[in-house]
Amino acid sequence: ARMGADAVRLCESIGYSSAGTVELVLDASGHYYFLEVNTRLQVEHAVTEAVVGLDLVRLQIEVAAGRPLRLAQEDVRARGHALECRLYAEDPDQDDLPSPGRILHLSLPEGPGVRVDAGIVAGSEVTVHYDPLLAKIVTWGEDRAEATGRMRAALAETAVLGPVTNLARLRAVVAHPAFVAGDLHTHFLEEHLGGAAAPACPPPRAVAAALAALAAAEEPAGARVRAAPDPFAVLGPWGRPS
């Protein structure tokens, strides 16, 4: 309650009246310290929306348009628990460097208590010019255990072929007993997953099947069936016999 009150006082002192996040760091003794203010919606805003049942994006736009908020603070009621996993085209074994490339196959989870915010489809190109965030997977439950169980199931249903992603790491994190117990800190990965083996690459047959399916989906409607191409014409001079 004190943290929330201080956050409000801080925003009032600078005359700020839009969506924002005041970040504070809490130590083991219960003292907290100011970190920063993000004068925008956070990428985790979907977690808040899941718990309080409000459309924060719409509310932000209405405030920017000069309209008063349609609710008071006492009207906000938190219910349940929510988690968010960010699916990135990054390689955990290469210091999380971006992994650009084409999305050959994409399967995202669905079901009760599951929300996915994504801006990609099969065929999308992940470039080096933008943040490599592919999707945000959010699960809600009556309590943390239910939300975590739904997240494990949601990540098990998720599949990406093409760029290297952090999907295997996300699965390992939410399945780890320390995470399940809520024993979290900033060195969680180093302590619990530092020696984890790299995930195996997708089988070549899976990649070939994904490429074939993607090519078939991109075939123009009504296109005539063509004869199989001459392999030597396709391979060029490197594939021709001497």
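Colleague: How much of the chain counts as buried?
Modeller: Of its 242 residues, 27% count as buried. Keep in mind that this is a predicted model.

Colleague: Noted. And how many helices and strands are there?
Modeller: The chain has 9 helices and 11 strands.

Colleague: What about the accessible surface, what does that come to?
Modeller: About 15900 Å², and 58% of that belongs to carbon and sulfur atoms.

Colleague: What share of the contacts comes from residues 24 or more positions apart?
Modeller: They account for 57%, counting contacts in the chain with a separation of 6 or more.

Colleague: Can you show me a spot inside? Take I120, is that buried or exposed?
Modeller: I120 is buried, because its relative accessible area is 17%, and the cut-off for buried is under 20%. I120 sits in the loop between β8 (114-118) and β9 (125-126).

Colleague: Which residues does I120 touch?
Modeller: Leaving out residues up to four places away in sequence, I120 touches I103, L106 and L134.

Colleague: Switching to charges. How many salt bridges does the structure hold?
Modeller: There are 10 salt bridges. One of them joins the side chains of R115 and E49, at 2.7 Å from N to O. R115 is in strand β8 and E49 is in helix α2 (residues 45-52), so this pair ties together parts that are 66 residues apart in sequence.

Colleague: OK, what does E62 form a salt bridge with?
Modeller: With R70, and the closest N and O atoms are 3.2 Å apart. E62 counts as buried because its relative accessibility is 9%. R70, on the other hand, is exposed, with a relative accessible area of 60%.

Colleague: And R169, which residue is its salt bridge partner?
Modeller: That's D96, with the closest N and O atoms 3.1 Å apart. R169 belongs to helix α5 (residues 167-175) and D96 to the loop between β4 (90-91) and β5 (97-98), so the pair ties together parts that are 73 residues apart in sequence. R169 is partly exposed at 25% relative accessible area, and D96 is partly exposed at 29%.

Colleague: New topic, rings. How many aromatic pairs does a search of the whole structure find?
Modeller: It finds 0 aromatic pairs. There is a charge to look at by a ring, though: R144 lies over the face of F179, at 4.8 Å from the ring centre.

Colleague: Where does V25 lie?
Modeller: V25 is in strand β1 (residues 21-26).

Colleague: And why does V25 count as partly exposed?
Modeller: Because its relative accessibility is 41%, and partly exposed covers values between the 20% limit for buried and the 50% limit for exposed.

Colleague: Great, thanks. I'll go and find these in the viewer.

Terms used
Residues are numbered from 1 along each chain as its sequence is written. This is a predicted model: local features need pLDDT of at least 70, side-chain atom pairs count only at pLDDT 80 or more; totals for chains, interfaces and linings use all residues. Side-chain values use heavy atoms; hydrogens and water are left out. Helices (H or I, at least four residues) and strands (E, at least two) are DSSP runs, numbered from the N terminus. Buried means under 20% relative accessible area, exposed over 50%, partly exposed in between (1.4 Å probe, protein chains only). Rings of Phe, Tyr and Trp (its six-membered ring) pair if their centres lie within 6.5 Å; planes under 30 degrees apart count as stacked, over 60 as edge-to-face and the rest as tilted. A charge sits over a ring if NZ of Lys or CZ of Arg is within 6 Å of the ring centre and within 35 degrees of the ring normal. Contact means heavy atoms within 4.5 Å. Accessible areas come from the Shrake-Rupley method with a 1.4 Å probe; for residues, only the protein chains shown count as cover. A salt bridge is a side-chain nitrogen of Lys or Arg within 4 Å of a carboxyl oxygen of Asp or Glu.
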